Amino acid sequence: MSPNETGSKSAARGNDKTTRNRRRLFGTNGIRGLANVELTPEFAVGIGGAIGTFFRKGQMLVGYDGRTSSPMLSKAIIAGLTSTGCTVYNVGMTPTPAIQYAVKPHMMDGAVMVTASHNPPEYNGIKVMAANGIELSREHEMEIEDVFFEERIKLATWNETGEIRRLSGILDVYREGMKKQIDVAAIQRQRFHVVVDAGNGVGGLVAPYLLREIGCRVTTVNANVDGAFPNRPPEPRPENLGELASVVKAVAADVGVAYDGDADRAIFVDEKGEIHWGDRTFALIEKDFLQDRRGEKIVTPVSSSNLIKDIADEYEAEVVWTRVGSIIVALTMQKIKANLGGEENGGVFYGPHQPVRDGAMTTALILNIMAKTRRPLSGLLAELPRYFIKKDKLTCPHELKHPVLESLIQQVKRMGADTTDGVKVSFPDRSSILIRPSGTEPIYRFYAEGRTAGRATQLLAEYKAKLQRLVGELAND
Ligand code: MG
């Protein structure tokens, strides 16, 4: 029922363990699929029932993003949850981090968020959170999948079906929570002018209000929630942020920020109109964080820049590299008691607020650094070590992905390669190459980085050729 699933749509009728292993509903970020094709109301009632069975008549928050199909799907999920005796507190339209922040203070057993995050408008999705506000572990997701596929939904008796209540005010509590993490008076004194590009997603429900409350002048673009995402795709990639960059320059703002569809990721534009990819702004937050917390652990996926390690080295901190995926970063932080995590795509996990990625919190932290240092964002980012990153992909049939990876590991083993997720080879000149099979598409992805553009290009070419040879050899076997 999701892009991660390779089988037919008869998934719901499968009832053996091997079926479970073949089909996965939950991918790297919850369940995703085409609205009313894969994610139908019938499916949502069923998965709501499976989630409700897992939470055993618990108290659940339910919220949704601004997608056209979200109100319909959230109502169907609420029907499924209450059919198993769960009490549902409907929070309505909300950014994902705001509902995550509300779970603990309201002493809920969990939460369900209807969102497809950065995917195109025709998609939707379902994220399930535990009592701590963090998304469920893979093991718990599999328990829900088992209940669903084995048709073990435990319906409540007629007099024990769950109540549906309305819970308002979570956005106010969320904004107040973020203000506790920053020096509001220092930010107010700077009277920053900030351009917010919510991309017609739910980021427009929080960031402009938070920024005005902390004394910023705010100019918004694409701040009206529109499930058709008419102005730019919901993913804040540099190629989608030309409008934001030109508005920042046109109004002479201090900074611009863009969010993805559910506002857990933030990408920044400096006062000169230059767009910065997420690991550079994350490194800036890391540097500020480590100034007060020398030697702490920083969690980040292997796809992040070596820049994260450079900053950590400066403050005797340790970088814990993980597999790619926001849930893995959050769960690793929890396990090793780390307080800061980040991803190259603009996700920052600020533990003192909450250990999940959070676009508005990231914005507040960047403004806090600008106020504390009284320096422009371009200057702060220019001080960080400079890396050049080149990305590419190579077609590889699904059935060859695993053998290709095994052969590649054999070839680069003696070079001390990191095999946390795919293969990452690092060199003494601080350049590196990461080669990962895609989880969903028949491709391999390459991320090369070097201190010069030439070095990144050369590494990419060398390893792409190497992999091409391996794919050719194994295809002919
Ligand atoms: Mg998102």
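My entries follow, and the model I was reading is a predicted one.

**Entry 1**

Are Ser117 and Asp260 buried or exposed? I noted Ser117 as buried, and Asp260 as buried too.

**Entry 2: Ser69**

Next I turned to another serine. Ser69 belongs to the loop that runs between strand 3 (59-64) and helix 3 (70-83). Its relative accessibility is 12%, and buried means under 20%, so I put Ser69 down as buried. Leaving aside residues up to four places away in sequence, I noted that Ser69 touches Ala35 and Asn124.

**Entry 3: the largest cavity**

How many cavities of 30 Å³ or more does the structure hold? I noted three. The largest cavity has a volume of about 120 Å³. I listed 15 residues lining the largest cavity, and the closest to its centre are Ser303, Ser304, Ser305, Tyr447 and Glu449. Strand 17 (388-395), strand 19 (432-437) and strand 20 (443-450) are the elements that give two or more residues to this lining. Strand 20 has the largest share of the lining of the largest cavity, with three residues. Sorted by class, I get six nonpolar, four polar and five charged residues in the lining of the largest cavity. At least three residues of that lining come from each of domain 2 (173-382) and domain 3 (388-475).

**Entry 4: the second largest cavity**

I moved on to the second largest cavity, which holds about 90 Å³ of space. Of its 13 lining residues, Gln100, Glu135, Ser326, Val356 and Arg357 are the closest to the centre. Which helix gives the most to the lining of the second largest cavity? I found that helix 12 does, with three residues. Helix 4 (96-103) and helix 12 (326-336) each supply at least two residues of this lining. By class, I wrote down five nonpolar, four polar and four charged residues for the second largest cavity. Domain 1 (3-168) and domain 2 (173-382) each give at least three residues to the lining of the second largest cavity.

**Entry 5: the second largest pocket**

My last stop was a pocket. The second largest pocket has a volume of about 560 Å³. It is lined by 21 residues, and I noted Ile275, His276, Trp277, Arg280 and Arg386 as the closest to its centre. Strand 12 (275-276), helix 10 (278-292), helix 14 (377-382) and strand 17 are the elements giving two or more residues to this lining. The largest share, four residues, comes from strand 17. I counted the classes in the lining of the second largest pocket as nine nonpolar, three polar and nine charged. Why does the second largest pocket lie between domain 2 (173-382) and domain 3 (388-475)? I put it there because both domains give residues to its lining.

How values were computed:
Residues are numbered from 1 along each chain as its sequence is written. This is a predicted model: local features need pLDDT of at least 70, side-chain atom pairs count only at pLDDT 80 or more; totals for chains, interfaces and linings use all residues. Side-chain values use heavy atoms; hydrogens and water are left out. Buried means under 20% relative accessible area, exposed over 50%, partly exposed in between (1.4 Å probe, protein chains only). Contact means heavy atoms within 4.5 Å. On a 1 Å grid over the protein atoms alone, a cavity is a set of points where a 1.4 Å probe fits but cannot get out, and a pocket is an open set with protein on both sides within 12 Å along at least five of seven lines; lining residues have an atom within 4 Å of a point. Grid points are joined across faces, edges and corners, and a volume is the space filled by probe spheres set on the points. Ala, Val, Leu, Ile, Met, Phe, Trp, Tyr, Cys and Pro count as nonpolar, Asp, Glu, Lys and Arg as charged, and the others, Gly among them, as polar. Domain bounds come from an automatic or database domain assignment.
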